[in-house]
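Here is a short report on one protein chain.

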Amino acid sequence: MATNQVAKYYQGYVSSVGNSGGVIAGLLGLLVKGSTHVTGACTDNSGNIYVTDASKHIILKITESGNIINLAGLSGTSGNNGSTTVTCINARFNYPTGITCDKNGDLYICDTNNHQIRKISNNKVSLVAGAAVPASGTADGVGTAARFNKPYDVDIDYSGKLFVADTFNHAIRKIVGGTVSTIAGLKGTTGNRPVWGDMTTAAGILGTVARFNAPYSIAVNPNGYIFVGDTNNHVIKRIDQGGMVRIFSGSGVFGTTLGTAKTCQYQDLKYSDIDRSGDLYIIDFAEGGASRLLRVNEEGVPGVVVDFNGVAGGPYLVSVACNPASHLIVVESDYTIIEYSSSSSSSIDSSSSSSSSSSSSSSSSSSSSSTSSESVANVSSSSSSSSSSSSSSSSSELYSSSSSSSSSSSSSTSSESVANVSSSSSSSSSSSSSSSSSSSSSSSSSSSSSSSSSELYSSSSSSSSSSSSSS
């Protein structure tokens with residue numbers, strides 16, 4: 001059974017499927033708007049949620065009351081507007097994924113299969129950077145002179161600088177005033193540096209020496225540190241303001257074992273975000289249905305917020321964003337969005353080292369069983385859909401489209417349900433093709449390829465704390 005919902009968690013971390021704090025937007029409401037695969041998510045300073053639907057090529061707005069609005073794009077129709085600024089209703093996207101919001105409420109979107117970064121402002125969609133006629137490449141430059149190769153995530157800092165996970169270029173890009181530069185990685189080249197053995201100084205190594213392998217997530221904290229989910233290397237890397245790159249968390253071994261920053265294991269790291277206290281939240285996803293939402297403390301030690309690793313076949317956690325109230329907006333399954341509190345006084349499951357226990361023990365003092373929930377819409381239905389195909393790459397895009405979600409809540413959880421409808425949904429996704437870079441991983445990678453690499457259906461974007469959005 002696949003669920004499609006947005007739920008809100010008011011208080012307390014949860015470590016089981018059922019502790020929902022209330023559905024914000026459900027399957028039926030999203031289907032009415034033509035959405036079947038919510039991908040990226042972010043919020044603005046007013047608490048509105050914005051999501052991308054990669055397979056339907058649209059951007060949606062979800063108000064806190066659960067009202068769903070078609071913001072931009074035409075459901076089921078891929079396309080491109082070149083360098084022309086158009087109204088939202090006339091905008092066309094091709095597999096939009098990561099999304100972030102600045103302090104003025106403007107949105108920035110990774111238009112992945114168009115190899116572009118787009119902007120939505122005052123009901124207009126414009127091109128920030130990337131070829132006017134969609135084309136992948138590695139060039140730095142101004143506006144349409146710059147090139148990307150399937151960027152999957154974007155975030156923004158307080159000063160308005162954009163940072164892009166240029167996934168299939170295996171590089172981290174920066175955009176300032178429309179000018180694109182590369183701050184870490186060698187474009188078009190995979191690798192894994194630094195490793196722990198490189199960490200002879202706290203700062204790490206120069207960005208020009210660093211190497212990534214299909215970075216899918218990026219998030220900027222209030223101090224300007226950039227956290228990158230280096231997906232196929234199974235580590236989280238940090239870039240400081242001077243462009244130095246260090247390993248922040250992860251042994252580099254594919255797996256689910258938690259521990260210290262050096263010994264913990266990750267699967268395929270996807271979208272991430274940072275809350276106002278500076279904690280990093282990241283989706284750790286595996287194609288077989290094992291997925292979890294992790295909180296990583298300032299020492300790089302992860303703890304579990306929600307764990308679906310024991311549930312083969314789903315539900316899937318796809319993306320995460322933090323709203324102004326420090327609630328976590330979590331996308332489940334193909335198109336479910338749930339909201340958890342990220343209050344630092346809540347408890348969290350973690351097998352962390354002694355160095356982290358002091359930082360997380362204070363957060364474990366309050367029980368997660370006193371979660372109050374308000375359900376605005378909770379819908380599951382019987383539908384089968386076939387995603388429209390988006391073509392501009394040589395990789396196959398995999399969607400986790402069959403999943404299950406539990407609606408049970410922990411003890412002493414009160415919920416007010418406005419709508420609750422159930423069903424099962426199965427969808428078959430289309431593959432898209434490209435002839436560019438291959439995003440290969442070690443034996444632990446969950447990517448499959450047609451002629452080069454595979455694009456995992458991953459979702460949510462990270463957004464800067466200035467806008468309380470997601471990466």
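The model is a predicted one.

**Overall make-up**

The protein chain has 471 residues, and 63% of them are buried. Its secondary structure comes to two helices and 35 strands. Among contacts with a separation of 6 or more, 60% are between residues 24 or more positions apart.

**An open sheet**

Five strands build an open sheet with antiparallel pairing. Their order is β6-β10-β9-β8-β7. The edge positions go to β6 and β7. Each has a single partner strand, so one side of each lacks a neighbour in the sheet.

**An enclosed strand and its hairpin**

Strand β21 covers residues 268–274. Seven of its seven residues are buried, so β21 is largely enclosed by the rest of the structure. Its antiparallel pairing with β22 (residues 280–285) spans five bridges. L269 stands opposite D284 in β22. Five residues lie between the two strands of this hairpin, where G278 adopts a positive phi near 95°.

**The largest nonpolar core**

Which residues have the most contacts inside the largest nonpolar core? They are V51, Y281, L293, V320 and L328, in a core of 25 residues. Several strands each supply at least two residues of this core, including β2 (38–43), β3 (49–53), β4 (58–62) and β22. Strands β24 (302–307), β25 (317–322) and β26 (327–332) do likewise. The most comes from β25, with five residues.

Leaving aside residues up to four places away in sequence, L293 touches Y281, I282 and I283, among others. The contacts of L293 also include G303, V304, V305 and V306. L317, V320, L328 and V330 are touched by L293 as well.

**Aromatic pairs**

The structure holds three aromatic pairs. Two of them are set out here.

| Pair | Centre to centre | Angle between planes | Geometry |
|---|---|---|---|
| Y95 and Y152 | 6.3 Å | 70° | edge-to-face |
| F227 and F248 | 4.9 Å | 70° | edge-to-face |

Why does the pair of Y95 and Y152 tie together parts that are 57 residues apart in sequence? Y95 lies in the loop between β6 (86–87) and β7 (96–101), and Y152 in the loop between β11 (141–142) and β12 (153–156), so the pair links these two loops. Both Y95 and Y152 are buried.

The other pair joins strands. F227 belongs to β18 (residues 226–230) and F248 to β20 (residues 244–249), so the pair ties together parts that are 21 residues apart in sequence. F227 is buried, as is F248.

Ring pairs also link Y95, Y152 and Y216 into a cluster.

**Lysines over rings**

Which lysine lies over the face of Y216? K270 does, at 3.5 Å from the ring centre. Y216 is also a member of the cluster with Y95 and Y152. K237 takes up a place over the face of F212, at 5.0 Å from the ring centre.

Note on methods: Residues are numbered from 1 along each chain as its sequence is written. This is a predicted model: local features need pLDDT of at least 70, side-chain atom pairs count only at pLDDT 80 or more; totals for chains, interfaces and linings use all residues. Side-chain values use heavy atoms; hydrogens and water are left out. Rings of Phe, Tyr and Trp (its six-membered ring) pair if their centres lie within 6.5 Å; planes under 30 degrees apart count as stacked, over 60 as edge-to-face and the rest as tilted. Helices (H or I, at least four residues) and strands (E, at least two) are DSSP runs, numbered from the N terminus. Buried means under 20% relative accessible area, exposed over 50%, partly exposed in between (1.4 Å probe, protein chains only). A charge sits over a ring if NZ of Lys or CZ of Arg is within 6 Å of the ring centre and within 35 degrees of the ring normal. Two strands pair if DSSP finds at least two bridges between them. Contact means heavy atoms within 4.5 Å. A nonpolar core is a set of buried Ala, Val, Leu, Ile, Met, Phe, Trp, Tyr and Cys residues joined through side-chain atoms within 4.5 Å.
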